[in-house]
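Have the sequence and the model open as you read.

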Amino acid sequence: MARCDLPGNRLLYGLTLASGILECLCFSGVVFGYASLVFVLKEDGYFGHLCVSVPVTGDNLTAADCSRQDEQFSLVFTIASFLNNFVNLFNGYMFDRFGTMVTRLLAISVYTTGTLLLAFSSAAFSELLFPALSCIAVGGIVLLLTNMQMGNLFAAHRSTIITLCTGAYDSSASVFLIIKVLHQQGISLRSCVLVLSSCSVFLLVRTFLLMPRTLIPYPLPPHYTYGLSCGEANAYHVEKFEGPRERAAVVSHESGEKDDVPPAAEGETEAQGPGKAASFRSCLLSWFFLWHLVWLSIMQLRHYLFIGTLNPMLNRLAHDDPGLVSQYTNAFALTQLFGVLCGPLNGLIMDRHKGRPLAPGETAQEADLHSSSLSLLLTSLQCLLFSVCASIPLLPLQYLTFALQVLNRSFIYGGNAAFINIAFPACHFGKLYGAAMSMSAVFSLLQYPCFTLVRGPLGGDPFFVDIALIGVSLLGFIHPVYVFLHCRAAARRRENDDVTDGSKTDGTKL
């Protein structure tokens with residue numbers, strides 16, 4: 001093992017964290033600023049041939065009907081957001097199998113390809129938006145995946161670091177706002193995106209100098225380092241350095257335990273033996289993962305539908321006033337900047353117990369799970385409030401909707417990654433994170449049928465779809481309740497074990 005001085009390691013960790021947050025802030029979630037990009041694309045005439053003139057009732061005047069253009073823009077985002085999540089199963093496996101460097105090099109290649117396709121698209125080649133936005137989305141989410149392991153460098157603030165990364169991921173949606181403002185100042189979309197594409201050099205430099213070749217292990221070995229100066233340290237593998245907590249995470253379903261026992265509780269039996277961490281299959285089929293998947297899928301669908309239909313919604317509420325639409329689009333994009341501040345709030349909630357002594361018999365994982373239940377509950381409540389505000393057709397109220405949207409979205413993605421990190425073995429993090437995102441992506445495909453339903457049979461009025469989504473969002477409360485009940489059951493088991501041990505001790509004395 002390569003050994004470098006401890007102050008040097010701290011500086012390396014700090015530079016990795018700072019550059020990682022900057023990377024997430026500028027590159028990882030750019031696609032979610034799509035509402036700002038659509039405004040630019042419409043001005044440049046993308047899919048403009050789909051707009052038709054229709055006569056105004058009772059008058060000889062005509063008006064432009066661009067509903068088919070809106071459908072195409074919605075379809076571009078639907079496909080991009082679907083692939084953003086669906087390919088994560090492959091990305092997670094590749095990350096766990098081949099490590100950080102290989103995964104990041106592939107992500108950078110895909111991301112750069114997407115930005116170049118967007119730069120050289122035009123109104124005549126509007127279809128290039130489909131592969132361009134998809135590549136940008138896929139490359140960005142993989143960059144986020146490789147950065148979330150930075151939490152392992154700071155054990156006492158692990159969840160906070162993860163949620164800081166996801167918060168920066170949310171804030172990166174503002175990149176397209178900057179492009180929109182520059183475009184209004186006369187700078188072409190192509191010039192802006194070419195500058196963004198050239199920034200891939202920064203991603204490459206960081207990959208070789210400030211990231212490990214394989215994975216960052218947890219718990220962190222003494223004097224762990226990486227980069228060009230201490231190459232031997234890159235030989236670390238997370239399976240080798242996993243501590244007892246990870247080995248205790250989940251027991252295989254073949255062990256004969258009940259299927260409805262949560263993974264953390266099941267693993268307590270195995271933790272006492274020399275067994276390895278549980279299999280990926282047992283984690284995937286556990287109730288913890290299944291309820292977490294429901295929780296993630298429902299809330300993600302609500303957010304994707306809101307972002308993908310924001311432009312036509314604002315046009316409807318503003319009565320097609322381009323000035324008002326631009327104003328509210330800018331307001332939405334500006335609120336995304338606060339994602340980097342909202343994300344760590346969730347991390348602080350999940351890490352609030354760190355530094356306190358554990359209850360007698362309580363494991364560190366049980367304490368982490370108990371702390372996460374409050375975060376999951378608050379996230380579900382935020383989604384419900386966001387859904388209610390989004391369903392009220394009042395334009396000024398959308399400022400509150402935007403604030404709730406960025407807060408909730410930061411909590412969702414930060415809580416998703418942090419919960420998987422807590423509840424399951426670290427050697428399966430990439431695969432389980434990818435599986436959760438991929439499966440939820442299939443559910444998110446419902447956004448396009450919902451949009452088509454609103455534009456067609458419902459005549460542009462999303463009221464009934466919004467009410468249905470409010471009802472479905474109530475299912476998100478099942479997950480935090482399940483985690484809380486599991487933690488309470490674990491506490492009762494410890495109390496019963498203490499009473500039993502006390503009785504045996506008294507009997508021995510007699």
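K42 is partly exposed, because its relative accessibility is 24% (buried is under 20% relative accessible area, exposed over 50%, partly exposed in between, using a 1.4 Å probe and protein chains only). Keep in mind that this is a predicted model, where local features need pLDDT of at least 70, side-chain atom pairs count only at pLDDT 80 or more, and totals for chains, interfaces and linings use all residues. Residues are numbered from 1 along each chain as its sequence is written, and side-chain values use heavy atoms, leaving out hydrogens and water.

So what does K42 pair up with? Its side chain meets that of D70 in a salt bridge, at 2.9 Å from N to O (that is, a side-chain nitrogen of Lys or Arg within 4 Å of a carboxyl oxygen of Asp or Glu). K42 sits in helix 2 (residues 34-43) and D70 in helix 3 (residues 67-86), so the bridge ties together parts 28 residues apart in sequence. Helices here are DSSP runs of H or I, at least four residues, numbered from the N terminus. D70 is buried, with a relative accessible area of 11%.

R409 and D170 form another salt bridge, at 3.0 Å from N to O. R409 belongs to helix 20 (residues 398-423) and D170 to helix 7 (residues 158-171), so this pair joins parts 239 residues apart in sequence. Both R409 and D170 are buried.

Searching the whole structure turns up 6 salt bridges.

Finally, look at N91 in helix 4 (residues 88-98). N91 counts as buried because its relative accessibility is 4%.

Technical notes:
Helix = DSSP H or I, 4+ residues; strand = E, 2+ residues; numbered from the N terminus.
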